Amino acid sequence: MKKILKKVKKKMKQEIEFAQKAGFEGMLISLDDPESYIYLESIYDHDTLEDIVIENGWDEHCALLDFVEDSQKFLYVQEVAA
């Protein structure tokens, strides 16, 4: 997964730089489709991030780039069937 994220970050360098300069706190990126990403005005809790991923119809593997704490995390979403 780290190799995938490294490739995604390299490919999306301009978008990441734009988000940081524009004052966004982070980005949520689909690792299955790196062209799908969302700028985050705030770093939300895990449940809210899961909701964002599900609402956008993304697969379960995403990356969260946190510009505030200068970190990156893998986000695994598991939708619970009702």
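Tyr37 counts as partly exposed because its relative accessibility is 27%, where partly exposed sits between buried (under 20% relative accessible area) and exposed (over 50%), using a 1.4 Å probe and protein chains only. The model is predicted, so local features need pLDDT of at least 70 and side-chain atom pairs count only at pLDDT 80 or more, while totals for chains, interfaces and linings use all residues. Residues are numbered from 1 along each chain as its sequence is written, and side-chain values use heavy atoms, with hydrogens and water left out.

Tyr37 belongs to a cluster that ring pairs build from Phe18, Phe24, Tyr37 and Tyr39. Rings of Phe, Tyr and Trp (its six-membered ring) pair if their centres lie within 6.5 Å; planes under 30 degrees apart are called stacked, over 60 edge-to-face, and the rest tilted. Three aromatic pairs turn up in the structure. Phe24 and Tyr39 make a stacked one, at 5.0 Å centre to centre with 20° between the planes. Phe24 sits in the loop between α2 (13-21) and β1 (26-30) and Tyr39 in strand β2 (residues 37-40), so this pair ties together parts that are 15 residues apart in sequence. Helices (H or I, at least four residues) and strands (E, at least two) are DSSP runs, numbered from the N terminus. Tyr37 and Tyr39 are edge-to-face, because their ring centres are 5.5 Å apart and their planes stand at 65°. Phe24 counts as partly exposed at 23% relative accessibility, and Tyr39 does too, at 25%.

Now for the inside. The largest nonpolar core has eleven residues, among them Leu5, Met12, Ile16, Ile29, Leu65 and Phe67. Such a core is a set of buried Ala, Val, Leu, Ile, Met, Phe, Trp, Tyr and Cys residues joined through side-chain atoms within 4.5 Å. Two or more residues come from each of α1 (2-11), α2, β1 and β3. Leaving aside residues up to four places away in sequence, Leu65 touches Leu5, Lys9, Ile16, Glu25, Gly26, Met27, Ile29, Ile43, Ser71 and Gln72, with contact meaning heavy atoms within 4.5 Å. A second, separate core of nine residues includes Leu40, Leu49, Trp58 and Leu64.

Leu49 leads on to helix α3 (residues 46-55), where Leu49, Glu50, Ile52 and Val53 are buried. These four lie on the same side of α3 because they cover an arc of only 160° around the axis, the arc being that of the directions from the helix axis to the C-beta atoms. An α-helix has 3.6 residues a turn, so residues three or four places apart point the same way. Asp47 and Glu55 are exposed on the face of α3 turned away from the buried side. At the start of α3, a side-chain oxygen of Asp45 comes to within 3.2 Å of the backbone nitrogen of Asp47. Gly57 follows α3 and has a positive phi, near 70°.

Asp70, in the loop between β3 (61-66) and β4 (71-76), also has a positive phi, near 50°, and is not a glycine. Most residues other than glycine have a negative phi. Asp70 is exposed, with a relative accessible area of 68%.

Finally, the charges. The structure holds one salt bridge, meaning a side-chain nitrogen of Lys or Arg within 4 Å of a carboxyl oxygen of Asp or Glu. Lys11 and Glu35 form it through their side chains, at 3.4 Å from N to O. The pair links distant parts of the chain, with Lys11 in helix α1 and Glu35 in the loop between β1 and β2, 24 residues apart. Both Lys11 and Glu35 are exposed.

Conventions:
Polar contact = N/O pair within 3.5 Å; in protein donor to acceptor, adjacent residues only side chain to side chain.
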